[in-house]
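Please open the model in your viewer and keep the selection panel at hand. The stops below say what to select next and what is there.

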Amino acid sequence: MSGAAPAALSDAELTRYARHIVLREFGGAGQMRLKAASVAVIGAGGIGSPAIQYLAAAGVGHLVLIDDDRVDMSNLQRQTIFATDDVGQDKVAAAAAAVRRINPFVTVMTHATRIDAGNAAGLIDGADVILDGCDNFATRLAVADAALAAGIPLVSAAVGPFEGQLATYRGWEAGSPCYRCFVGNASDQAGATCADDGVLGPVTGILGSLAALEVLRAIAPFGEDSAGKLLLLDLLALRFRTIRLPKDPGCPACGSRS
């Protein structure tokens, strides 16, 4: 984890995280790893909103929030970290204020800027895990390339009107794909947005919560390793499906790294 080892859990933290600590698969050691960790969250919108809340409540020691957008009234149907009074504020500022209300033991850094290929490496520097919940393909590629170059696990989530997908990428490892193994040599795509197609509010909550779960798994491993698997959700049919993502040996991004 990043930086110096954290101090022992205080009495207040032991009480706050008691339901984690009693988990045989997680325990006090897992909680200490969360406290020592830094997570960069790309996008404080539909996916980022619930993810940030759960990461803060779980006790991740340091959150870096990156988003250049402002809170709009149309966000409030699904972005539950915000309230009506937040409309017009920078999303990262409003989200940071919510984190401080949720858990005073978590520190927050904000960047009200759009992450791209030119600044991604600097913005994610020092992170132990990256959670990408952004809403455009160009940003996803920039974040994925920076995560691969830095050797930082990437948890990537996306939603549609009633569907979603989630995966964890560690493409520098033998047998583990990177994001470009999944999307191929695709260039920037405009794609549809929530404003175009709509999205049912709880769909983003489900994906954001699952993304937070995978960030915790990446920090303090429990259960089966999820890297190299793609979770597909069809919430019209209430169907969850997991498929294996193979590593592409000819991938121009990670093929020569493992």
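A residue is called buried under 20% relative accessible area, exposed over 50% and partly exposed in between, with a 1.4 Å probe and protein chains only. The model is a predicted one, in which local features need pLDDT of at least 70 and side-chain atom pairs count only at pLDDT 80 or more, while totals for chains, interfaces and linings use all residues. Residues are numbered from 1 along each chain as its sequence is written, and side-chain values use heavy atoms, with hydrogens and water left out.

Begin with the aromatic rings. Rings of Phe, Tyr and Trp (its six-membered ring) pair if their centres lie within 6.5 Å, and planes under 30 degrees apart count as stacked, over 60 as edge-to-face and the rest as tilted. A search of the whole structure finds four such pairs. Select Phe26 and Phe222, whose ring centres are 6.3 Å apart with planes at 70 degrees, so this pair is edge-to-face. Helices (H or I, at least four residues) and strands (E, at least two) are DSSP runs, numbered from the N terminus. Phe26 lies in the loop between helix H2 (18–21) and helix H3 (27–36), and Phe222 in the loop between helix H10 (201–219) and S7, so the pair ties together parts that are 196 residues apart in sequence. Both Phe26 and Phe222 are buried.

Next, select Tyr179 and Phe182, where the ring centres are 6.3 Å apart and the planes stand at 70 degrees, so this pair is edge-to-face. Both residues lie in helix H8 (residues 179–183), three residues apart, about one turn of the helix. Tyr179 is buried, with a relative accessible area of 6%, whereas Phe182 is partly exposed at 30%.

Two strands pair if DSSP finds at least two bridges between them. Strand S1 (residues 38–42) runs parallel to S4 and is joined to it by four bridges, with Ala40 opposite Ile130. S4 also pairs in the parallel sense with strand S5 (residues 154–159), over three bridges, and there the bridge partner of Leu131 is Val155.

The partner of Leu232 in S8 is Arg241.
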